[in-house]
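The following exercises concern the structure shown below.

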Amino acid sequence: MKVLIIQPAPPKPWPEGVYADEVARLGARLREAGHEPSLLVLADLDEETLRLKIADVRPEHVVIFLESYHVALARRIAELVANRYYLPIIIGGPHATVAPLETLSLIGVEGVVLGEWDRAVPRYLEARSRGSDYSATEGFWFKTESGTVRNPIAAPESPDEMVAVPDRRLYSADQVVDAAGRATLHPGRGCRSYCAHCQMDLAAGLYEERQMIFERRRPLAHLVQEIAWLRTTYPALRRLRFSGCGFPLDEAYLKEFAVAFAAAPLPFSARVKPADLDARAAAQLRQAGCDELELEVLSGSNFIRNEIFNLDLSEEAIVRAFAAARGAGLRTTALVQVGLPYETVVTVEQTANLLRRLVPDQTEVRVYYPLPGTKAYELCRENGWLSGRGEADYFTGQSTLDLPGLDAGAIRRYATLIPRMVQRPKGWPLLGWLWGRSS
Ligand code: SF4
């Protein structure tokens, strides 16, 4: 079957880029099952691009990958596909998992996939192409005349079953390898933490309800195979970035990892949890070819970090992690957010002070976006902080919250100013003056 995957995307370049491993993995699974997947990434409702793609591919089915930042755009895409091209549509991805009924209510959508979709979508398409009843496909909720059919979530793939090489050919070369020559890899799937700002929390609960193991690490042979494929396919490849929240830092894994990478080294960056990073792990990462770490600090406020977002991360643990990275010769990027629930001028100042203490090589500041299905979103909803501003505002740098302690204008200003002030500590008095003005 010819399957068109549509991926709504941010309207401007985004730090993570547009490549989605979930989409590439589904592409690989669809090819394995004999289907012909193709991909259209849409940053807006470009009707002509959609028309040309449909004329070129002649899909028999449309699959939309939906993250919660793009619900309004997905709604318009689904309506257009259904009303103009009469194609059946299913939707998967994080938003379908946390808001299945809302997603299923979009015009033209006949089914949504909850959780990982690699197994569920090919099974559904197979049943559909055979003309048999697909309404019992695990992982799917369907809209039927007699109501909503809610099938249980499909079992996630075990590490050995995971596809070794996701189908990146769905994307253009510059969507896979960025201008710095960097491609992103995913060393694992799932998570066992319960951060209040993350949709993985709810997904983990769905799997745990069925006693399924959600956090998995890909076999190193898979990673090595994927890197070899990337090298031969993309001559512009210069370095790697290991994505996901926490690169595994246990000693045995790091040793095995260093050996596996020694044969064909490429410099890489990885995201690690500050609480897990000690001097030994940092040195092992450096030995394996790592030259940069991304460390999530989130906020300088202990209350926000731990009481609201459940990070279980003390300021001392953060300071130790940055010192360990520096001691091993690793560059550091501190990841923080502003406009968090209970944010005030005081908590922003705490974030700024912590950053000054950490002296990261880079600071990435984002305006907080409350993702549906998360505990923090519920908190914002219960407190009446959801402003009604949506995704489009967020992508212009606007907070979508109306917080009692900090207005959206101040949040935007701090998001821009903080990284500059970390690099130029002499500018702190000016920031202090601005804080005073906005308080
Ligand atoms: S933010 Fe990261 S560590 Fe926390 S639950 Fe999500 S994936 Fe896990």
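**Exercise 1.** How many residue pairs are in polar contact across the interface of domain 1 and domain 2?

*Solution.* The model is a predicted one. The domain assignment divides the protein chain into domain 1 (2-150) and domain 2 (171-438). Across their interface, nine residue pairs are in polar contact, both residues being at pLDDT 80 or more. On the side of domain 1 that touches domain 2, helix 4 gives the most, with four residues. Four salt bridges are counted between the two domains; Arg189 forms a salt bridge with Glu116, with the closest N and O atoms 3.0 Å apart.

**Exercise 2.** Determine the area buried between domain 1 and domain 2.

*Solution.* Begin with the contacts: 30 residues of domain 1 meet 24 residues of domain 2. The buried area comes to about 2,400 Å², and carbon and sulfur atoms give 55% of this. Within domain 1, Tyr19, Tyr69 and Glu116 lose the most area to domain 2, together 29% of what that side buries.

**Exercise 3.** Identify the residues with the most contacts inside the largest nonpolar core.

*Solution.* A second, separate core of 34 residues includes Ile64, Tyr85, Ala204 and Phe214.

**Exercise 4.** Is Gln337 buried or exposed?

*Solution.* Gln337 belongs to strand 14 (residues 331-338). Its relative accessible area is 17%; because buried means under 20%, Gln337 is classed as buried. Beyond residues up to four places away in sequence, Gln337 touches residues including His197, Glu296 and Arg366.

Note on methods. Residues numbered from 1 in each chain as written. Predicted model: local features only at pLDDT ≥ 70, side-chain atom pairs only at ≥ 80, totals over all residues. Heavy atoms only, no water. Core = buried A, V, L, I, M, F, W, Y, C linked by side-chain atoms within 4.5 Å. Buried < 20%, exposed > 50% of the residue type's maximum accessible area, 1.4 Å probe, protein only. Helix = DSSP H or I, 4+ residues; strand = E, 2+ residues; numbered from the N terminus. Contact = heavy atoms within 4.5 Å. Domains from an automatic or database assignment. Buried area = accessible area lost by both parts, 1.4 Å probe. Salt bridge = Lys/Arg side-chain N within 4 Å of Asp/Glu carboxyl O. Polar contact = N/O pair within 3.5 Å; in protein donor to acceptor, adjacent residues only side chain to side chain.
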